[in-house]
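Me: I would like to go through this model with you, one question at a time. Please give the cut-offs as we go.

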Amino acid sequence: CNRNPDCNFFGWKSHNKECWMKTGISRKVRQAGTTSGTACRTSNDCNPKILDATAHTGSDLPNMPYIVQDAAECFQLCEDHSTDTGRMCAGMTFREDNQKCYLHTNIHDSKIEYRHGHYFARNEPCNTNTTNTSPPLPYKEYRASISSKGQLLISDKIFESRAFCLETTWQDDFGEHLDDGEAITLSCDFCKEEVLCTYLRKLYQSSFMNSDHHSNVIAAFIGKFNSFKELKISVEIFLKNVWELIDSDKVGKLNEILKKTEVRLSSNFLLKFSRFMFDKLDVDGDAEISALDWFELIGEKRNTNIGRRLVSLPSPIYKLYTHLDKDRNEGLSLEEIHNFLKRTFTLLDKNEDCLVDLTEVIAVLDESKLPKDFQLGVKQLAQYQLTLWNHALNKIFVAADSNKDNNTELEEILKLSDFDFIKAQAEMLLILGQPNKQLINYITHAGSYQEDEAKEIWLETFQNLMMHQMYEADLSNVKCG
């Protein structure tokens with residue numbers, strides 16, 4: 001190493017007689033059977049050996065740190081301090097990211113450690129003989145440990161024995177490691193392999209979850225949670241409940257909605273889903289949904305003037321409320337909601353097959369005197385969105401079918417790992433899912449002088465719908481539900 005002008009450090013391995021010469025080092029580690037050090041050359045050069053990725057902690061001079069440009073200027077301050085003040089500066093540490101320079105009164109070998117982005121040098125008297133300013137091996141900090149139960153502990157994370165591997169001999173850029181009492185571990189973050197888990201964790205770590213309003217609404221639907229693990233479990237339970245709502249034949253597969261040429265809504269699903277949502281939105285548990293539930297949900301002060309505001313609503317909107325809240329107590333019971341849904345579904349279900357499609361919805365709008373051109377606009381908007389989302393849903397289920405048996409189960413959806421596919425689908429929906437603004441503007445006349453006229457058309461149509469005799473009919477004659 002001394003004969004090679006580019007060699008500044010060496011390492012000799014006794015077990016294979018190999019000598020490794022290095023121009024520089026980024027860190028030091030203890031290694032059994034290896035002797036290492038710096039080149040030993042006779043020189044009158046008193047420039048310090050400034051070591052990269054090394055720092056000294058503590059023993060700072062008063063009024064530290066200084067702000068300097070680089071490590072060389074930091075060392076110059078150390079030399080000048082000893083000359084100008086008569087108080088010895090034994091060494092310096094320079095931190096590159098914030099350009100802070102720390103001068104030390106004493107250098108303790110036990111306080112020298114490996115630290116990325118730091119530079120360290122001793123301020124020693126010039127030695128014209130052999131020079132070797134290499135500090136002792138830095139103190140090694142271990143960031144992981146093995147529990148008595150065989151678990152890997154890293155910060156606040158716990159990995160069970162089957163979730164990581166451990167090796168006592170390994171090799172990297174610094175050579176082979178054989179140190180007694182040391183080991184290297186490799187663990188996998190399985191969450192990063194799953195689409196749902198990955199994006200759910202990003203949501204949990206985002207500022208969105210820091211809002212009391214957002215977290216309260218989410219908690220109302222999936223339950224309270226205090227950690228990401230609890231959130232993930234709650235979301236999986238929520239998805240399982242929704243899956244069971246759709247899975248009417250209880251075979252574990254959603255044959256009811258997949259591979260269908262058109263979207264149709266069943267009365268059975270509508271009533272089950274309304275019960276499911278009722279349980280979520282009845283925050284105070286009084287068997288009624290009211291405005292007070294909403295205020296409690298979002299954490300706002302309760303408003304006692306709701307009843308006065310209801311009577312000021314447009315006539316068809318108030319008529320809708322009276323159909324829903326039959327006892328006028330400003331709260332909706334599950335029975336009231338179900339009765340309203342049964343009547344509305346019967347009104348829409350023209351062929352009485354207990355399924356409603358878009359054609360039947362348009363027929364009821366026609367009976368309610370909605371102009372033909374508006375009907376066409378509504379049909380085009382709805383048909384486009386239903387077709388698009390039906391297509392996307394089917395593609396997701398095909399992609400999640402990991403065993404390729406043409407039957408996708410919930411567990412396969414939860415474990416979906418094709419991030420490229422999901423990204424492509426999201427981009428497709430973002431681009432193609434934009435509603436046709438021209439159609440919307442046409443059926444609302446938004447921003448035009450005819451906007452008030454369009455509002456009157458829609459309110460009149462809704463009024464005709466709410467005045468239908470079905471809303472006063474005897475429910476005993478209702479076939480579906």
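Me: Is Q434 buried, partly exposed or exposed?
Reply: This is a predicted model, in which local features need pLDDT of at least 70, side-chain atom pairs count only at pLDDT 80 or more, and totals for chains, interfaces and linings use all residues. Residues are numbered from 1 along each chain as its sequence is written, and side-chain values use heavy atoms, with hydrogens and water left out. Buried means under 20% relative accessible area, exposed means over 50%, and partly exposed lies in between (1.4 Å probe, protein chains only). Because its relative accessibility is 47%, Q434 counts as partly exposed.

Me: Where is the place of Q434, between which helices?
Reply: Helices (H or I, at least four residues) and strands (E, at least two) are taken as DSSP runs and numbered from the N terminus. On that numbering, Q434 sits in the loop between α13 (419–432) and α14 (437–444).

Me: Which residues does Q434 touch, not counting residues up to four places away in sequence?
Reply: Contact here means heavy atoms within 4.5 Å. Q434 and Q385 are 49 residues apart in sequence, with 8.9 Å between their C-alpha atoms. Leaving out residues up to four places away in sequence, Q434 touches Q385 and L429.

Me: Which residue has its backbone oxygen 3.3 Å from a polar atom of the side chain of Q434?
Reply: A polar contact is a pair of N or O atoms within 3.5 Å, where within protein one must be able to donate a hydrogen and the other to accept it, and residues adjacent in sequence count only if both atoms are side-chain atoms. At 3.3 Å from a polar atom of the Q434 side chain lies the backbone oxygen of L430.

Me: What is the volume of the second largest cavity?
Reply: On a 1 Å grid over the protein atoms alone, a cavity is a set of points where a 1.4 Å probe fits but cannot get out, and lining residues have an atom within 4 Å of a point. Grid points are joined across faces, edges and corners, and a volume is the space filled by probe spheres set on the points. By this rule there are 2 cavities of 30 Å³ or more. The second largest cavity has a volume of about 40 Å³.

Me: Which helices each supply at least two residues of the lining of the second largest cavity?
Reply: The lining consists of E194, L196, C197, L200, K232, V235, E236 and L414. By class it has 5 nonpolar, no polar and 3 charged residues, where Ala, Val, Leu, Ile, Met, Phe, Trp, Tyr, Cys and Pro count as nonpolar, Asp, Glu, Lys and Arg as charged, and the others, Gly among them, as polar. The helices that each supply at least two of the lining residues are α2 (195–205) and α4 (228–246).

Me: Which cysteine does a disulfide join to C191?
Reply: A disulfide is a pair of cysteine sulfur atoms within 2.5 Å, and by this rule the count comes to 4 disulfides. C191 is buried, with a relative accessible area of 9%, and its link, at -110° about the S-S bond, is left-handed. With S to S at 2.0 Å, the disulfide joins C191 to C197.

Me: How many residues apart are C354 and C480?
Reply: A disulfide joins C354 to C480, with S to S at 1.9 Å. The pair links distant parts of the chain, with C354 in the loop between α9 (334–348) and β19 (355–356) and C480 in the segment after α15 (451–466), and the separation is 126 residues.

Definitions and conventions
1 Å grid on protein atoms, 1.4 Å probe; cavity = no way out; pocket = protein on both sides within 12 Å on 5 of 7 lines; lining within 4 Å.
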